[in-house]
Structure formats: C-alpha cells, structure tokens
Amino acid sequence: MTVSEDVTAHSTSSHWGTYEVLVRGGTVVGARPAPADPAPSPLYANAPAAQHHATRIARPAVRRRWLDNGPGPDDRRGHPDDEYVEVDWATALDLLAGELERVRREHGNAAIYGGSYGWASAGRFHHSQSQLHRFLNTIGGYTRTANTYSHAAVEVLFPHIVGLPGAYDLLYRPPTWEAIAEHTDLLVTFGGLRVSNTWIASGGRAAHTAEPDMRKAAGRGTRFVSFSPLRDDTLDELDAEWLAAAPGTDTAILLALIHVLFDEGLADESFLDRYTVGADVLRDYVTGASDGVAKTPEWAAGISGVDAATLRDLARRMASGRTLVNVGWSVQRARYGEQPLWAGLALAACLGQIGLPGGGFASGYGSMGNYGGGATPHGLPKLPQGSNPVDSVVPVARVSDTLLRPGEPFDFNGRRLTYPDIRLVYWSGGNPFHHHQDLRRLSRAFGRPETVVVHETHWTSTARHADIVLPSTTTLERDDIAASRGDLRLRVMRRVVPAHGEARDEYAIFTDLARRLGVEKAFTEGRSTAEWLEHIYEEWRAGLAEPVAPFARFWEQGGIDMPARHEATALFGAFRADPRGNPLHTPSGRIELFSETIAGFGYADCPGHPVWLDPWEGADRDPARKWPLVLVANQPKGRLHSQQDMGAHSRSEKIAGRAPLRVHPQDAAARGLSAGDVVRVFNDRGSCLAGVVIEPGIRRGVVQLSTGAWFDPSAPWAASCVHGNPNVLTDDVGTSALSHGCTGQLSRVEVGRFEGELPPVRVFDPPRLVAGEAPDAS
C-alpha cells in the first residue's frame, strides 16, 4: 500500500503483534498499528528509532583484551571503557571455529553453555534459540537450561500435583475468555490482570483480544477481585474490587480462605474425597491441628494487611457461585513461589469447581496475550533442533551459580546435580542482563569463562560482556513466518529494509561456522532459507486436520487464517466426568494436595503440601527496619522486556532519562520527594537511579520499578546502574530447591533523593570500536 509518493507501508509482526512500518529509501521512518487489531499494543512506536539506532552492531567485533591475551577468565568483561576491534567476517568466524574446536577437544561439549534464553525474534524459522541449539547439537551438544524465567515454579510443581498433561493444559490450554464471560460469576486473581502483559505473546498475535474480552466478561456480569499492591493491575472498566495485599503474602491469604471453607462447612467434601489426595493433611494444617497455628482470616490479616472480615466474606462469595481462581505468573516469581500456586489449586479444589466450565484454577490470565485466547491445533511450524547428546542441565535462573560454582552439587526437582565447568558461553538473541537477578554478581560470573560469544542486533549489556560479537539482522531485515499459540492467523514476515551494515541472519552465520567445522550438510540439510521456510510450513500443513493453502499461495497472500480451537470440555473436564477412566498422570491419579513425592525430597523450602513460608524470614531476610520499602519489579509497559528501550514509546515514560519509580504520596512525603525528582534506590546488593512518579494507586510501603532499562554501570560512584535497572537490587536466589525459579519480582529497598551532579546515561552510546586485524586464527 502506498502512503505517499516516496513512503510505503509494510505489514510485519513481532512479539507485541502485527503492525505496519513505514519505509522511505530503505529507512524505517514510522510505524502504525495493524488496521484489523481491535486493541493494538503501543509498542510498535519503538520500532523506527530502534531499527537504525547508534547501538546497532554493524561489523563483527572482538574484545581487545581477548585478542591480546587469548582465551581465559577476565574480570573486566563488561567494563564501560572496554575496547573492541572490528574485523571481517572470515576472521571472526575463523577465530570462533578455532575456539569451539579447542574447548570441545580439551574440555568436552558440556563445557559449552548454550542457554541463550531470550525473545529475539518472533519468527518461526529465524528463532535465535532454535538456530543456536540446532547448531550446537550438530557439533556434539552443550550444557542446556531447564524451564523459564517467566514461570519455572509452574513448570516444575504442577507435573507433580496434576500430572504432565494437566500442567501443559494449565499453561497452554486454559479456558477462553469467552468461556469465562459465559460461565464465571467471580474471578479472583492474585497478581492482577495487567493489560500491558497481554500485549505480548511469544510469536505475537494477529489481533490483541484479551483486553476487549475482559471487558465483555465484565459486561456480561463476571465480577473481579484483584489481590495486588498495584491498583492498575486490573482495568478500571472491570470495576474490580482491589485488595491491596502486602507483596509476598498471597499464600497466607489463600490459606485463610481455605480455613473459612473448612470452618463454616463450605468446602466440597465429596469433591475432595473423589478427586484429590491429601485433603486431610491440608485441613490439619490450615486449622492448626498439625502445627498449633490456625490459618484464620485474622492470622492472614496480620500478615497481609487485608481485613479479616473482607477475607471471610470473600470466601463465602466464592463458595456461592461459579468461581475461577487465577494465580498470575508474577506471584510465583518470588521466594517460595511454589506455595501460592499450590495453595491456589487447593482453594479451587475445596470449592469443588475444578473441571466445571468457568470455574476451578488457572495460572496465567493477565500474564501473557495468548493465555485464554484458544489453542492451536497441531502446533505451529518450527525449525527442528535435533537432539542433544550431552546430559548436562541447569535451571535457567541459575546462570550465575553455574558460572561461579563449577563442580559444586545442588538440588533440583528431586535430583542431586553438579554445576558443570563452563569454558565457553554462547548466547544468541537474548539478554540475561535484563532477565537475571543481582546484575553485579552476574557481571562477575561472566568474567569467569574463557570465552563469551554473542550474536546481537544491538550493543546490549550482554554483547558488552562478550569476547566475540557477531551482528545479526532484525526481523525487519529478513523473511520469516509468525504466529503464537492460539493465534488466529499465520502471517508472512517479509524483509522490508536492507541489513544494517554487515549484519547477517543467524542461519547464515551458523551455516558458515558449520562449514568450517565440517558439519555443514548436517546443519543445513542442503536447504537455503527460502527452502527451509517452505519445508517447515509444508511439514506443518501435512499434519493438519483441515486443508490450508500450499506455501506458494500462503506467501503470496501474506498469510492464512487458522482455526482456533476452543475446548469442548472445561479444563480437567474429562477427569471430573470420569476420574477412573481419565486419571491424572500423578502417582495417585488424582490432584495431589499432599505429594508424597515432593515430601520425599526433604526440601525445607518446599515441603509436601502448601504452607506459609515468610519470604523475608531469617536474619538475612528480615531487613524491614533497614530497608522499609518493598520493591515490585514487574514487567514494563513501555517495551517488551529490554527490547527497543531507546524507542519513542519507551523513552516517553522516562524521567530525566531514567526509568520511572512509582511511590505512594505518603512514602514520598516522608522522604521529602516530589514528582520528577531523581532518586537513588538502594539496598545491600546495589543501587540504581530512577525518576519519581507520585502514585496513589499503590499500596503504602511499596514502590514499583519495572524491569528492562538497559543496565548502565558507567558511574559506580553514583549507582550500580544510573539508568534504573531494578535487577541490581534483586537477590540471586531461587524460589526453592524444587524449581529454582526466578525470584526477581520482590526486593526490600530504601529510596532517597539523589544529591550531586547527575551522571549521563551512557548505555545508548556504542562501545569504543577500532578497526584492525585480528591475529591468524590458526
């Protein structure tokens, strides 16, 4: 479609959905939402500035100290004044191929860490993790990671207590919003239903439907109750009852609601007897028979700050109609994050509505855009990664421990494992300096390997910790296919601008590397990019129950509509209808409110049934007097994670170039703070600078600073990060020995006005680059 004489519009997709970019002479000059999207994400506005930003990586670069000194540990990796030597592709790939050969020969493939966790590309073929893992599997394997930063506790806990298919269904096939609108009287959500989270889906959605579907449910009579320290975790139009619980106290509230059900005879005893095991253990715990502490609403009120009468009334309302209990992913990203999940499932079981349309338990509404959006028959086209012959695995959120503690044993999901001795880190399309906790510790950890390799589009903090940096193309610079689970349309993503500088697709980079290592045929299977796109599409098409257009017509049309699957029965409906004929894949075949398996692991931080464990308990976790504020580090609404932080929409939210910190008016007044002040947020792990926003819709004693500001340690005299990355403040510990999930959601901090000369934000300036020749790779 022609916009003007010299500007053309091109449809494309990213994890925040389908949108259009405006191009003039090979340059992206604007962007706009897709016409058919009923509730488009504003994140598309970040694309123009990011596409041609000064931090784009134009040529392969090698860190000067690595060139001069050879492979080896180096605690100066990531230093703001590090120098890189730009080299040609042949030199860079020769160096990298030689280093891969050395590490494999001297230490074995388990010494290669190929975690590469990240959200680089929405494409089904140019998916950075898949490309890297396929390449590493082709050369003999690597140390892999388990689970996700988003919901590791869900992934590990629920296979034990509802079985593997049940856990998968909870994550990927929950009831649709349409089913909620039709059947649900009351939706009680822990962690809110944050609309900005629903803008995002892995692969992007053709149309954003979560927000309008929430409105429809409210319009049809569904009532909402939101437990969250943030009022705007739910839409104003939902008219939700906001209960501003203290962060980290959700489990106490859930146990108190269960106590009311047992105490007042409202628990569905027949459901518990027929469909669960361990209800007697749960009853003894919440009534105090097993430990002497009754988990009453009064007990929970003292912990959570939510009125006891309000909790008692809510429990009665939940029992009086069709109720859906939702525990969002944010809630489990905290110390003992398994407990609110387990307690939420137990509450739903006590209500007896699991398996009924619009009732029961869920974990993910308001956490991602495709949750509740339907299911996709037969999956989606994807690049096969091959098999990894190396049996070496670490939890994804334990990357710092992996690098800093080689040879040390650790517990994980009932297994006793050992951290491998990693010599080479290979990262493609991800930024752990966004996802991970305690960034100063992570920076020290990245100093330990002998070589760090990164493929990136921009000079992120991860790229600035690398020895070999290879420039990769963006989604606008290559052809691909896009869709997410439950999507309505499979879309063509055409290349709309030339590659920046000498940037290459990952597939081209790995093909050249594979050639140098003698495995090109195994890696490529003789296919070009265009041939792979057709292959994965036709392979997917062959498995469909309904006919769809062949690849040539799909590509010409720009996409095809896909039939979204709306389940004929409710989640766990078949199990409810016939628990003997359709048992769960658990040891008992039923929902395990008490798990003998988990109890047998002997983990004090995750016993065999849901319990209240204070996240701030113990001398090292009880800093309320020193650090009186609880920091909520939630997902940003100005960008996807840290992507395109230099974009217009992301920049528009910043204050004095820093990330915004939301503070309750009384907490601000107590510290003499005004809107627009730059403050130092600090604790015993680190500090960051941020700009103050006065926000009455936040619980007193809580401050909120979203993740995703690019990590900028360029002025350590002022702060560990002068840009506002909250992960300089978060504690690098796992949820428990069961899942080792990320706990970056909550920290304790103090806030004070920054005094002195404000340091500049330097992270959006590229590092010092010099042209030069690298030594011969041989």
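Tutor: Happy to! A word we will need first: a residue is buried when its relative accessible area is under 20%, exposed when that area is over 50%, and partly exposed in between. Keep in mind that this is a predicted model.

Student: Is Arg 448 buried, partly exposed or exposed?
Tutor: The relative accessible area of Arg 448 is 25%. Buried would need a value under 20% and exposed a value over 50%. Arg 448 therefore counts as partly exposed.

Student: Which side chain meets that of Arg 448 in a salt bridge?
Tutor: In general, side chains of opposite charge can pair when their charged atoms come close. For Arg 448 the N to O distance in the salt bridge is 2.8 Å, and the cut-off is 4 Å. The partner is Asp 421.

Student: How many residues apart in sequence are the parts that this pair ties together?
Tutor: Arg 448 sits in the loop between helix H18 (439-446) and strand E18 (451-456). Asp 421 sits in the loop between strand E16 (415-418) and strand E17 (424-428), so the pair ties together parts whose separation in sequence is 27 residues.

Student: And is Asp 421 buried, partly exposed or exposed?
Tutor: Asp 421 has a relative accessible area of 33%.

Student: Which residues are joined with Arg 448 and Asp 421 into one network?
Tutor: The network is built from salt bridges that share partners. Besides Arg 448 and Asp 421, the residues joined in it are Glu 99, Arg 102, Glu 106, Arg 423 and Glu 450.

Student: Where do Glu 101 and Arg 104 lie?
Tutor: These two form a salt bridge, with their closest N and O atoms 3.2 Å apart. They are three residues apart, about one turn of the helix. That helix, which holds both of them, is H3 (residues 89-107).

Student: What is the relative accessible area of Asp 684?
Tutor: The side chain of Asp 684 meets that of Arg 685 in a salt bridge, at 3.7 Å from N to O. Asp 684 is exposed, a class that calls for a value over 50%. Its relative accessible area is 55%.

Note on methods: Residues numbered from 1 in each chain as written. Predicted model: local features only at pLDDT ≥ 70, side-chain atom pairs only at ≥ 80, totals over all residues. Heavy atoms only, no water. Helix = DSSP H or I, 4+ residues; strand = E, 2+ residues; numbered from the N terminus. Buried < 20%, exposed > 50% of the residue type's maximum accessible area, 1.4 Å probe, protein only.
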